[in-house]
Amino acid sequence: MQLEANYQKAANFIRAAAKQDSTLAVLPEYHLLNWVPHDEKFKEACGQWKEYLDRYCALAKECNICIVPGTILELHDAGTQSEALLNVAYFIDNSGEIVGRYVKKNLWGDIERLHLTSSSTDPHPVFDTPMGKVGMLICWDLAFPEAFREMIRQGAKIIIIPTFWTLADCSKAGLALNPSAEALFLDSMLTARCFENTCAIIFANAGGPPGKGYAGLSQVCVPYAGAITKLGSCAEGMAVVDLDMKIVEDAELNYQVRADLARADWHYGYQHGNESKL
């Protein structure tokens, strides 16, 4: 709930990344407000979304860097029957133009479903960016391989995932079996998704004070190697990494996932005009 302070912290990280010649900066989900829908001032704060989106656009142009500003909570048509709260990820290019927008589709239980409006049956979009075709997902979307397939078949080779995923998202039974179950979940899924889609993944998860359940584990993953960089603790921080997309191309030559997806005789129903079977 500290909009301005969190924006300034994010802007400082982005400026630091730009000084290291980074071409893209990615922030976590809910980075401006956290997720506190029962706070009496929460909706009012969500109504300020356009101001902060415009500021990120100006910052991208100022620093000559592409920005995915995590997610921004957008309140639309406040006080009307059509009021909607959206959880939105944007891709802003280095000229400050918005070239991609994605509204979170797979909401996390009643914690989100009682408050957010999903993008539901809208297709997963893929965007042309300065670094090629990019798709975006948000947090719990990661658990659904169909989302990746839908974007991969449209040509996406980089998937960007702003996230607010905590260790406490696990059940009591799961935590009793493995207190680090959610960390295992994240690391396993991110590695698997890279291999099974011959893509690169940029995963930015929320950090925070120790003992509060923050998982951290922000990482950039590619086939063969898995995570080529990882923020291993829950602490806030920034990592700068060179992403060599030749690794993705080499993996595709080996596994030929994209080639199989493009075959006319591909045998799964979500290909070749059969999207209704998803």
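1. A cavity here is a set of grid points where a 1.4 Å probe fits but cannot get out. The model is predicted. The count comes to 1 cavity of 30 Å³ or more.

2. The largest cavity holds about 80 Å³ of space. Its lining is made up of 13 residues. Nearest its centre lie L3, L32, L33, I72 and L73.

3. Which elements each supply at least two residues of that lining? They are α2 (42-46), α3 (49-63) and β3 (72-76). By class, the lining has 10 nonpolar and 3 polar residues, and no charged ones.

4. Look next at Q219. This residue is found in strand β10, residues 219-222. Q219 counts as buried because its relative accessible area is 3%, and buried means under 20%. The Q219 side chain reaches the backbone oxygen of L217 at 2.9 Å.

5. Neighbours within four places in sequence aside, Q219 is in contact with D187, L190, I201, I202, F203, A227, T229 and K230.

6. Two backbone angles deserve a check. Most residues other than glycine have a negative phi. N34 has a positive phi, near 65°. N34 sits in the loop between β1 (24-26) and α2. At 26% relative accessibility, N34 is partly exposed.

7. S120 also has a positive phi, near 50°. S120 lies in the loop between α4 (109-113) and β6 (126-129). Its relative accessible area is 46%, so S120 counts as partly exposed.

How values were computed:
Residues are numbered from 1 along each chain as its sequence is written. This is a predicted model: local features need pLDDT of at least 70, side-chain atom pairs count only at pLDDT 80 or more; totals for chains, interfaces and linings use all residues. Side-chain values use heavy atoms; hydrogens and water are left out. On a 1 Å grid over the protein atoms alone, a cavity is a set of points where a 1.4 Å probe fits but cannot get out, and a pocket is an open set with protein on both sides within 12 Å along at least five of seven lines; lining residues have an atom within 4 Å of a point. Grid points are joined across faces, edges and corners, and a volume is the space filled by probe spheres set on the points. Helices (H or I, at least four residues) and strands (E, at least two) are DSSP runs, numbered from the N terminus. Ala, Val, Leu, Ile, Met, Phe, Trp, Tyr, Cys and Pro count as nonpolar, Asp, Glu, Lys and Arg as charged, and the others, Gly among them, as polar. Buried means under 20% relative accessible area, exposed over 50%, partly exposed in between (1.4 Å probe, protein chains only). A polar contact is a pair of N or O atoms within 3.5 Å; within protein, one must be able to donate a hydrogen and the other to accept it, and residues adjacent in sequence count only if both atoms are side-chain atoms. Contact means heavy atoms within 4.5 Å.
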